[in-house]
Amino acid sequence: MNEKILVETATRLFAGDKGLLAMDESNPTCNKRFAMLNIPQTLEARRAYRELIVTAPGLGDSISGVILYDETIRQQKKDGTSLLKVLADAGIVPGIKVDTGAKDLAAHPGEKITEGLDGLRDRLKEYFQMGARFAKWRAVLIMGEGIPSRSCIAANAHALARYAALCQEAGLVPIVEPEVLMDGGHTLERCRVVTEEVLRDVFVQLNCQRVLLEGMVLKPNMVLPGLSCPAQESVDKVADTTMKSLWRTVPAAVPGIAFLSGGQSAELASARLNTMNHRFKPQLPWALAFSFARAIQQPALELWRGEAANVKSAQEALVHRARCNRAARRGEYTAAMEKT
Ligand code: 13P
């Protein structure tokens, strides 16, 4: 394992109070988001949208790395320049989603296991040669009556650790993403209990598979009440509870934590991250950053709607969200930033 390259990449991803932009939606997910806005669900529309993102002027001022999908890492701008070259010129580190999706877990109705370990060593080698320096694998934990089960948590933690060890062998920093979903009526407290159980298991498995903690990134959910829970807690309460769970479960050797947004509104995601950094940053052993997809992209996608004439305003909205989240890393985000 080349520890030096792993630590260097991880350091780069958190430098300058920047964060990550997830733009690694699989084709079905990307098409679903396009369909909601009547954008054609074609290869060319996906290419044009990803070109819009990576060419947004000033993106590299707030974004240190982007997570790509296999289709995108091989694509070019309309003028033939590879998207990887555009990112390199903007000083942005390319990463790649390498799981092949969450599938039904046998004998566990309503639960998922993420697939993609078979052949992963060879795929990682190819991505490293293409220029990727980090990777992502997302495990999905669904909240419900009696779930997530112990066995679903254990199976997903094991897969995350196997993936992370393979990434480090290939010189790629693994982003380890165990996502406890927001869907459901569960309380903030139940989310806290489940998130802590999941993170504890994940770190047991990472240690078991000899993953170098200094050369990885954790991408967790914030601890939130379910979307249909009547008690929607304050930003302060969410920040306190999320911090409590992370203090208890994430070793200090991990260089950084980059939250997923999970379906929160863009403004709330920024406000919650900001509050955590504003109140706790001097005491934190790890960087507290973002790796948002929807909470950075959604306002831009809604402006673009597949029309070339809207590219500029969509790019401005995208970079605005990236800037807000960079400010949130510093604890300097304010609601007033949304009006500028
Ligand atoms: P969201 O920020 O939209 O939750 O996406 C993050 C991500 O990368 C999901 O795997």
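Student: In which helix do Lys312 and Glu316 both lie, and how many residues apart are they?
Tutor: Both lie in helix α12 (residues 311–329), at a separation of four residues, about one turn of the helix. Helices (H or I, at least four residues) and strands (E, at least two) are DSSP runs, numbered from the N terminus.

Student: What kind of model is this, and how are residues numbered?
Tutor: It is a predicted model, in which local features need pLDDT of at least 70 and side-chain atom pairs count only at pLDDT 80 or more, whereas totals for chains, interfaces and linings use all residues. Residues are numbered from 1 along each chain as its sequence is written, and side-chain values use heavy atoms, with hydrogens and water left out.

Student: Back to Lys312: what does it form with Glu316?
Tutor: Lys312 forms a salt bridge with Glu316, and the closest N and O atoms are 2.9 Å apart. The term denotes a side-chain nitrogen of Lys or Arg within 4 Å of a carboxyl oxygen of Asp or Glu. Lys312 is exposed, at 58% relative accessible area, while Glu316 is partly exposed, at 46%. Here buried means under 20% relative accessible area, exposed over 50%, and partly exposed in between (1.4 Å probe, protein chains only).

Student: Is Glu51 buried or exposed?
Tutor: Glu51 is buried, with a relative accessible area of 17%. Its salt-bridge partner is Arg47, with the closest N and O atoms 2.7 Å apart. Arg47 is buried as well, at 12%. Both residues belong to helix α3 (residues 43–54), four residues apart.

Student: Which residue forms a salt bridge with Glu115?
Tutor: That partner is Lys103, the closest N and O atoms being 3.5 Å apart. Glu115 sits in the loop between β5 (112–114) and α6 (120–130) and Lys103 in strand β4 (residues 102–104), so the pair ties together parts twelve residues apart in sequence. Glu115 counts as partly exposed at 38%, as does Lys103 at 33%.

Student: How many salt bridges does the count come to?
Tutor: The count comes to 30 salt bridges. Glu189, Arg192, Glu196, Arg200 and Arg248 are linked in a network of them.

Student: New topic: what is the volume of the largest pocket?
Tutor: The largest pocket has a volume of about 810 Å³. Of its 31 lining residues, the closest to the centre are Thr29, Arg33, Arg138, Glu179 and Arg294. Elements giving two or more residues to this lining are α2 (27–36), β6 (134–141), β7 (173–180) and β10 (287–292). On a 1 Å grid over the protein atoms alone, a cavity is a set of points where a 1.4 Å probe fits but cannot get out; a pocket is an open set with protein on both sides within 12 Å along at least five of seven lines, and lining residues have an atom within 4 Å of a point. Grid points are joined across faces, edges and corners, and a volume is the space filled by probe spheres set on the points.

Student: And which residues lie nearest the centre of the second largest pocket?
Tutor: Arg33, Met36, Gly263, Arg294 and Gln298 lie nearest its centre, among 13 lining residues. The second largest pocket has a volume of about 290 Å³. Helix α11 gives the most to this lining, with four residues.
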